[in-house]
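The points are grouped by topic for reading beside the coordinates.

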Amino acid sequence: MTTLTPTREEPTTTRRAAGGQPRGGPWLHLLLIGGLLVVITPFVWMVLGSIKTTGELRQAPPTWLPQDPTLGNYVDLFERLDFARFFFNTTLVAVAVTLGNLLFASMLGYALAKLDFPGKRVLFVLMLGTLMVPAIVTFMPLFVLVSNLGMVNTYPGLILPTLAGASGVAFGGFLMRQYISDLPDELLDAARVDGAGEYRIFFNIILPLCGPALAALAILTFLAAWNNFLWPLVVASTEDMYTLPVALALFAIGQHETNYGLLLAGAVTVVLPVVLVFIVLQRYFTQGIALTGIK
Amino acid sequence: MTGPTTAIREPVVAGSRVGRPRWRSILVSWSFTLPFVILFVVFMAGPIVVSLVTSFTDLRVTDIRNPFAVDFVGLDNYVNVLGDDVFRRAAFNTAIYVVVGVTLTMGFGLLIAIGLNQAVVKFKTLFRAGYYLPYVTSIVAIAVVWRLLLSEETGLVNALLSLIGIDGPGWLTDTRFALGSMVVMAAWRGTGFLMVIFLAGLQSIPSELYEAAEVDGAGPWQRFRSITLPLLRPTLLLTAVIASIGWLQFFEEPFVMTQGGPLNSTLSVAYHTYNQFSFGNYGPTSAISYLLFLAIALLAFGQFRLFRSKT
């Protein structure tokens, strides 16, 4: 179920061989390439625009290639504005949420997959229920709670509710449970006969076998936390605690609304790390989707 | 009790090893779930319950340090919200976002998935990654880019339209076009996600079925209707649930691109909720978010019923 993707691609080849030639012909290829251009063009235009001056971006008709390429927008972002700080905040929060999720979700997944205890079914249902709770429902009371705990505008205030949200431990626990359930029970039984405790089994036997699932979970969690918007917008009240998406959105509707060059450079700064992660680790995404059983 | 047979058979039930009482193994088991349980109780279950209670009170931002001093106002918040023209407009817009958005993303997602599954053999991974790319990038960044692309005078979209002699409107500033532009833009982003799911579903359909149908003289449309659609049904219904839940929470795009305007024509329920929160009206905020929650729960429940009864 989890690693069948490569084998599943075979039918296409078989069908192609049976038919003697690829199906669809040139028109289908043209349509698919055209669609891909529609998807990619805004990204290309964003990158090109980020090295244009705002004057050039406000010209009609718009230009494709920058007439006078400049890195001025990026210099502005990092020297006049505090984008280095926003970058640091976003990285810190995303890494903390990811590490927390890897540990807590695999613990939860292991308990749900391989241990037997009263209340397990209830816990499983609560975990699935959490996946359905949208952030828009909980953010207001969460804000009241967090302000009473004195955590508004702090890193724990940014991190903990994200970890508890729908794309946090609940999602991770579900993914890890699916994966750990498929590991053979004999491994655990053998270790238990040897007198190993549950924690030793978990850390020394289970975790080392969970590589692919942990990789998929790490990427999905990191991206969700990096791009997260509503909660950081609510909880970060001063500029020094902004994350990148919050800073970009507030600048775009506020003081830098018409500074197009700056906004596009900001968009590149938000998107680029994610695109790099995506390109390098592309196959784990599909794996992650397959692991949650959505297909 | 200490015989080797028992020692081998027993461990299947976790931790209930020889000499260790059952309660201990239960404690150990629960300790694995403790981080989730704490996070869930404090940051999920707590707020959900508080939100429900708050929706029946007149809590305002000024009461935040003393939440127990507020008064209960019964169903007033719900009555006021449902009678409010701005909320009604937001609810209407959100209904359009969900219906049009889900239809567009599922339609295009399925088309592209079928296309990729049939035609491109060599560069499938590249195509798949390309189409998926917008989905992994920040909505805020994409909304900033599209706001410029859709601008009336200096935007790329109108520049391309003028090449074929069309004088494009202010896509985001004209009340007739703003909502539509927003849906299409967000569908542009969401399609790749559904495409990847559909592609996995398509690849699990045995090719023999298509070959047999072809031998029997079935055309492409017939093969699609009698093989692809029925076998893809569970996938389609599940993605419909996921996509609907996503579109019901539509927020970042109008926030960055139009601030809900012009004249509330792009305001969504989620955005309206956020606005009420920033005005400090916590009672109505809770009431609206609960109405949204209810819509999501009903939708998910309904679609899952459908999903179960047909498979």
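The model is a predicted one. The points below begin with this residue and other backbone features, then turn to the chains, their domains, the nonpolar core and selected helices.

- Asn153(A) is not a glycine, yet its phi is positive, at about 65°.
- The loop that holds Asn153(A) runs between H8 and H9 of chain A.
- In chain B, Leu263(B) likewise has a positive phi, of about 55°, although it is not a glycine.
- Leu263(B) counts as exposed, because 10 C-beta neighbours lie inside 10 Å and a residue with 12 or fewer falls in that class.
- The loop between H11 and H12 of chain B is where Leu263(B) is found.
- Pro262(B) is placed in the loop between helix H11 (252-257) and helix H12 (269-278) of chain B.
- The peptide bond that joins Gly261(B) and Pro262(B) is cis, with omega about -15°.

**Chain A as a whole**

- Chain A contains 17 helices and zero strands.
- Of its 295 residues, 47% count as buried.
- Among contacts in chain A with a separation of 6 or more, 77% are between residues 24 or more positions apart.

**Domains of the two chains**

- Chain A is divided into domain 1, residues 5-75, and domain 2, residues 83-291.
- The C-alpha centres of these two domains of chain A are 30 Å apart.
- Contact between the domains of chain A involves 12 residues of domain 1 and 10 residues of domain 2.
- On the side of domain 1 of chain A that touches domain 2, helix H3 (25-50), helix H4 (54-57) and helix H5 (72-80) each supply at least two residues.
- H3(A) gives the largest share of that side, four residues.
- By class, that side of domain 1 of chain A has four nonpolar, six polar and two charged residues.
- Chain B is divided into domain 1, residues 4-41, and domain 2, residues 76-309.
- In chain B, the centres of domain 1 and domain 2, taken over C-alpha atoms, are separated by 45 Å.

**Contact between chain A and chain B**

- The contact takes 91 residues from chain A and 90 residues from chain B.
- H3(A) contributes 11 residues, the largest share of the side of chain A that touches chain B.
- The side of chain A that touches chain B has 63 nonpolar, 15 polar and 13 charged residues.

**The largest nonpolar core**

- This core has 169 residues, and those with the most contacts inside it are Leu217(A), Leu248(A), Ala267(A), Val140(B), Val144(B) and Val145(B).
- Helix H8 of chain B (residues 178-203) provides 15 residues, the largest share of the core.
- With neighbours within four places in sequence left aside, Ala267(A) is in contact with Met46(A) and Leu248(A), and also with Ala141(B), Val144(B) and Val145(B).

**Packing of H6 and H13 in chain A**

- The axes of helix H6 (residues 83-114) and helix H13 (residues 211-227) of chain A come within 8 Å and cross at roughly 140°.
- The crossing in which H6(A) passes H13(A) is right-handed.
- Residues of H6(A) that meet H13(A) include Thr90(A), Val93(A), Ala94(A), Val97(A) and Leu102(A).
- On the H13(A) side of this contact, the residues include Leu214(A), Leu217(A), Phe222(A) and Trp226(A).
- By class, the contact of H6(A) with H13(A) has 11 nonpolar, five polar and no charged residues.

**The enclosed helix H9 of chain A**

- Helix H9 of chain A (residues 155-164) is largely enclosed by the rest of the structure, because eight of its 10 residues are buried.
- The buried residues of H9(A) are Gly157(A), Leu158(A), Ile159(A), Leu160(A), Pro161(A), Thr162(A), Leu163(A) and Ala164(A).
- Within chain A, the buried residues of H9(A) pack against H6, helix H8 (135-148), helix H10 (169-181), H13 and helix H14 (230-235).
- From chain B, helix H2 (22-54) also packs against the buried residues of H9(A).

Conventions. Residues numbered from 1 in each chain as written. Chains lettered and ligands numbered in written order. Predicted model: local features only at pLDDT ≥ 70, side-chain atom pairs only at ≥ 80, totals over all residues. Domains from an automatic or database assignment. Contact = placed C-beta atoms within 7 Å. Nonpolar A, V, L, I, M, F, W, Y, C, P; charged D, E, K, R; others polar. Core = buried A, V, L, I, M, F, W, Y, C linked by C-beta atoms within 7 Å. Buried ≥ 20, exposed ≤ 12 C-beta atoms within 10 Å, placed from the backbone. Axes fitted to C-alpha atoms, helices over the stretch in contact; angles between N-to-C directions. Left-handed = near helix turned anticlockwise from the far one by under 90°.
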